[in-house]
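Please look at the sequence and the coordinates below before reading on.

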Amino acid sequence: MAALNEEELREAELRRLKWRCRRGLLENDLVLDKFLGVYARDLDSERLTRLNELLELGDNELWDLICARTEPSARHIEMVQWLRAC
């Protein structure tokens, strides 16, 4: 079996991320889908780690961050700004 090249690994990682971004709250789904369309190629390993941390939040907590009802920690400011821009 042939090993996957770097591009194939990146595509597999993006597919897993897209699946992980599916949420129970439609508003989150819409924002995350647009976010991936705009920023997926800009997600280096550090940004991906921070996004995954945000995805650990419950739907309502994540939506509160996105719509600025709550403010993110300093660690997550960039990711939340990107989400808000979507």
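Helices (H or I, at least four residues) and strands (E, at least two) are taken as DSSP runs and numbered from the N terminus.

## Basis and confidence

The model is predicted, so local features need a pLDDT of at least 70 and side-chain atom pairs count only at pLDDT 80 or more, while totals for chains, interfaces and linings use all residues. Residues are numbered from 1 along each chain as its sequence is written, and side-chain values use heavy atoms, with hydrogens and water left out.

The predictor's confidence in each residue is its pLDDT, on a scale from 0 to 100. The chain averages 87, and 95% of the residues score at least 70. Where pLDDT is low, the predicted coordinates should not be read in detail.

## Arg23 in the loop between H1 and H2

Arg23 is found in the loop that lies between H1 and H2. A residue is called buried under 20% relative accessible area, exposed over 50%, and partly exposed in between (1.4 Å probe, protein chains only). With a relative accessibility of 14%, Arg23 counts as buried.

The side chain of Arg23 reaches the backbone oxygen of Leu57 at 2.5 Å. Contact means heavy atoms within 4.5 Å. When neighbours within four places in sequence are left aside, the contacts of Arg23 include Asn28, Asp29 and Leu32, as well as Leu55, Gly58, Asp59 and Leu62.

Helix H2 comprises residues 26–39, 14 residues in number. From its first C-alpha to its last it reaches 20 Å, close to the 20 Å expected at 1.5 Å a residue; the expected span is 1.5 Å times one less than the number of residues.

Which residues of H2 are buried? They are Asn28, Val31, Leu32, Phe35, Leu36 and Tyr39. These residues cover an arc of only 135° around the axis, which puts them on the same side of H2; the arc is that of the directions from the helix axis to the C-beta atoms. An α-helix has 3.6 residues a turn, so residues three or four places apart point the same way. On the other side of H2, Leu26, Leu30 and Gly37 are exposed. The cover over the buried residues of H2 includes helices H1 (6–20), H3 (45–55), H4 (59–66) and H5 (77–85).

## Salt bridges

A salt bridge is a side-chain nitrogen of Lys or Arg within 4 Å of a carboxyl oxygen of Asp or Glu. The whole structure holds 9 of them. One joins Glu56 to Arg20, with the closest N and O atoms 2.2 Å apart. Glu56 lies in the loop between H3 and H4 and Arg20 in helix H1, so this pair ties together parts that are 36 residues apart in sequence. Glu56 is exposed, at 60% relative accessible area, whereas Arg20 is partly exposed at 29%.

Glu46 and Arg75 also meet through their side chains in a salt bridge (3.5 Å, N to O). Glu46 belongs to helix H3 and Arg75 to the loop between H4 and H5, 29 residues apart. Glu46 is partly exposed, with a relative accessible area of 37%, and Arg75 counts as partly exposed at 34%. A further salt bridge links Glu78 with Arg47, the closest N and O atoms being 3.0 Å apart. Because Glu78 lies in helix H5 and Arg47 in helix H3, the pair ties together parts 31 residues apart in sequence. Salt bridges with shared partners join Glu46, Arg50, Glu53 and Arg75 into one network.

How values were computed: Polar contact = N/O pair within 3.5 Å; in protein donor to acceptor, adjacent residues only side chain to side chain.
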